[in-house]
Amino acid sequence: MKQFRTTVIRAGLEALYFSGAHLLLRPIFAGVGAVFMLHHVGPARCDAFQPNRHLAVTPDFLRAMLTHLRDLDVDVVSMDEAHRRLTERNFTRRFACFTADDGYRDNRDYALPVMREFDAPLTVYVTSDFAEGCGRLWWVALERVIAAGSAIEAPIDGTMTRLDTSTAPAKQAAFNRMHGWLRSLPGEREMQAEISALCARHGIDESSIARELCMSWDELRTFAKDPLVTVGAHTVTHCNLAKQSETIASFELATSRARIEDALQRPARHLAYPYGDRLAAGQREFALARSIGFQTAVTTRPGMLFPESADHLTALQRVSLNGNFQDARLLPVLTSGAATAVWNGFRRIDAA
């Protein structure tokens with residue numbers, strides 16, 4: 001299903017590009033700006049099995065997008081400035097923000113140097129347990145388990161199931177099935193228990209992944225001093241907030257903000273919801289973010305910014321810079337708002 005979805009999205013992007021429909025839709029759906037979503041930025045990998053490929057773009061692709069925005073005369077601004085323009089309804093110029101989720105070290109090593117070339121701000125949303133070195137990046141652990149062997153076993157839907165992982169296509173199919181099953185489990189505790197058991201059976205040290213991939217507090221303190229950098233919150237544990245009680249969800253939001261502010265001695269005014277889709281962030285989470293005092297909060301729901309986004313500051317849509325679609329020809333499609341408009345059934349705001 002994931003591969004089918006990727007194929008459909010690529011076909012849609014290509015159709016918009018070759019038909020020129022994005023040029024016709026731009027005046028209606030480009031909006032007043034956009035928040036672009038990143039995760040990893042770094043050199044391309046050559047592995048045949050890369051199930052998390054969609055989360056990584058190269059510095060050259062990021063550079064191409066920034067060059068494209070400069071050619072369009074779009075202001076690249078911080079989330080603080082985006083908040084100001086939205087609340088003051090100052091839309092005399094179109095603007096864009098760049099955001100990166102989780103707090104990966106490659107944001108410092110590869111993304112920030114590119115942003116400096118363009119004097120472009122970057123907001124990085126930090127999961128505080130990842131910065132502590134004790135968080136669990138379960139999607140990376142799952143990739144490593146499957147990459148390491150020719151078969152795995154898991155109690156999918158209560159039945160111990162053996163999955164072939166002997167070839168790259170088989171590994172991808174196994175990852176897709178496991179990923180869907182894990183996200184369908186009732187809560188974070190159940191999902192983490194299954195991942196931990198899987199890692200133990202296959203000799204993968206899941207506890208070391210956060211320290212390997214994510215910036216520590218010491219690194220973040222230096223990183224945050226760069227005038228282009230804003231550090232925002234991404235919860236304590238990177239949990240699906242919608243599956244938590246209101247008490248736990250509030251704790252995740254408030255504590256992540258408090259830990260960042262205490263560690264960095266800087267305000268954490270902005271939030272990204274983990275996963276950020278309809279299954280992970282909805283009206284309750286949007287209200288909690290407001291009540292805790294976040295100025296903005298971003299989802300992973302696709303979309304541009306419009307004047308009416310000012311009424312939904314804790315439910316902002318984003319445009320994913322997806323590693324599966326690193327094609328400079330498609331940049332005008334992404335910035336036109338045509339692709340996200342089609343995805344949303346031509347609704348401008350998706351905040352329900």
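1. A crossing of two helices is right-handed if the near helix is turned clockwise from the far one by less than a right angle. The crossing of α12 and α13 is right-handed in this sense. The model is a predicted one.

2. Geometry of that pair. Helix α12 covers residues 246-264, and helix α13 covers residues 283-292. They pack at an angle of about 45°. Their axes are 10 Å apart.

3. Residues at the α12 and α13 contact. From α12 come Glu246, Ala249, Ser250, Leu253, Ala254 and Arg257. From α13 come Arg284, Leu288, Ala289 and Ile292. By class, six of these residues are nonpolar, three are charged and one is polar.

4. Helix α7 spans residues 138-148, and helix α8 spans residues 168-184. The two axes cross at roughly 145° and come within 10 Å. The crossing of α7 past α8 is right-handed.

5. Residues at the α7 and α8 contact. The α7 side supplies Trp138, Trp139, Leu142, Glu143, Ile146 and Ala147. The α8 side supplies Lys171, Ala174, Phe175, Met178, His179, Leu182 and Arg183. Nine of the contact residues are nonpolar, three are charged and one is polar.

6. Threonine 235 and its setting. This residue lies in the loop between β9 (229-233) and α12. Is threonine 235 buried or exposed? Its relative accessibility is 0%, so threonine 235 counts as buried; the cut-off for buried is under 20%.

7. Contacts of threonine 235. Neighbours within four places in sequence are set aside here. Threonine 235 then touches Val126, Thr127, Ser128, Leu241, Glu252, Leu253, Ser256 and Pro274. Leu253 also belongs to the α12 side of the contact with α13. The side chain of threonine 235 reaches the backbone nitrogen of histidine 238 at 2.9 Å. Phenylalanine 130 is 105 residues away from threonine 235 along the chain, yet their C-alpha atoms are separated by 10 Å.

8. Threonine 127, a contact partner of threonine 235. Threonine 127 sits in the loop between β6 (122-126) and α6 (128-132). With a relative accessible area of 0%, threonine 127 is buried. Which residues does threonine 127 contact, leaving aside its neighbours within four places in sequence? They are Asp102, His234, Thr235, Val236, Thr237 and His238. Of these, His238 is also the residue whose backbone nitrogen the side chain of threonine 235 reaches.

Definitions and conventions
Residues numbered from 1 in each chain as written. Predicted model: local features only at pLDDT ≥ 70, side-chain atom pairs only at ≥ 80, totals over all residues. Heavy atoms only, no water. Axes fitted to C-alpha atoms, helices over the stretch in contact; angles between N-to-C directions. Helix = DSSP H or I, 4+ residues; strand = E, 2+ residues; numbered from the N terminus. Contact = heavy atoms within 4.5 Å. Nonpolar A, V, L, I, M, F, W, Y, C, P; charged D, E, K, R; others polar. Buried < 20%, exposed > 50% of the residue type's maximum accessible area, 1.4 Å probe, protein only. Polar contact = N/O pair within 3.5 Å; in protein donor to acceptor, adjacent residues only side chain to side chain.
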